[in-house]
Structure formats: structure tokens, C-alpha cells
Amino acid sequence: LTEQPTRFSLAEALAGRLSQDAFPYLDAPIAVLGGVEVPAIPLNRGLEAAVLPNAERLAAALLQLLEQ
């Protein structure tokens, strides 16, 4: 889980490295959840809340991962 957009993020690179080095030990694929792809985090609180990951998005991603 990261506030950054997932493309080209440190979290995505770390997930790739873990998948490469620890693949035999994983029970499920590694998933990365991050912010929406925007040029910068908005300063407006409402827009910021729409861009950043929240509990609902995290719960949906976890359910999707568990269903695989």
C-alpha cells in the first residue's frame, strides 16, 4: 500500500523483486495498491481523498486477492 501511483513506484519495484526471489514461497501473487495516476497530489481535501488509497479500496483489493 502506497500513496504513490503504482506505476514505476518503489512499492512496485519491491513487489517485483520479492516475486522474483521468493516465488516458490508465495501462496498468492503480490499486489500493489496505490494512488490514482495523477501528475501531483491535489491540495484540496476532497480531491486528495479521491486520489489517495482509502480503507474501502484496500478492503476491495484484499477481497479480490483472496478470491484468486
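Q: What makes the pair of threonine 2 and glutamine 4 a polar contact?
A: The threonine 2 side chain comes to 3.2 Å from the backbone nitrogen of glutamine 4. A polar contact is a pair of N or O atoms within 3.5 Å, where within protein one must be able to donate a hydrogen and the other to accept it, and residues adjacent in sequence count only if both atoms are side-chain atoms. This is a predicted model, where local features need pLDDT of at least 70, side-chain atom pairs count only at pLDDT 80 or more, and totals for chains, interfaces and linings use all residues. Residues are numbered from 1 along each chain as its sequence is written, and side-chain values use heavy atoms, leaving out hydrogens and water.

Q: Why is threonine 2 called buried?
A: Its relative accessibility is 14%, and buried means under 20% relative accessible area (exposed is over 50%, partly exposed in between; 1.4 Å probe, protein chains only), so threonine 2 counts as buried.

Q: Which residues does threonine 2 touch, not counting those up to four places away in sequence?
A: They are Ala11, Leu33, Gly34, Gly35 and Pro53, with contact meaning heavy atoms within 4.5 Å.

Q: Why is phenylalanine 23 called exposed?
A: Phenylalanine 23 has a relative accessible area of 61%, and the cut-off is over 50%, so the label exposed applies.
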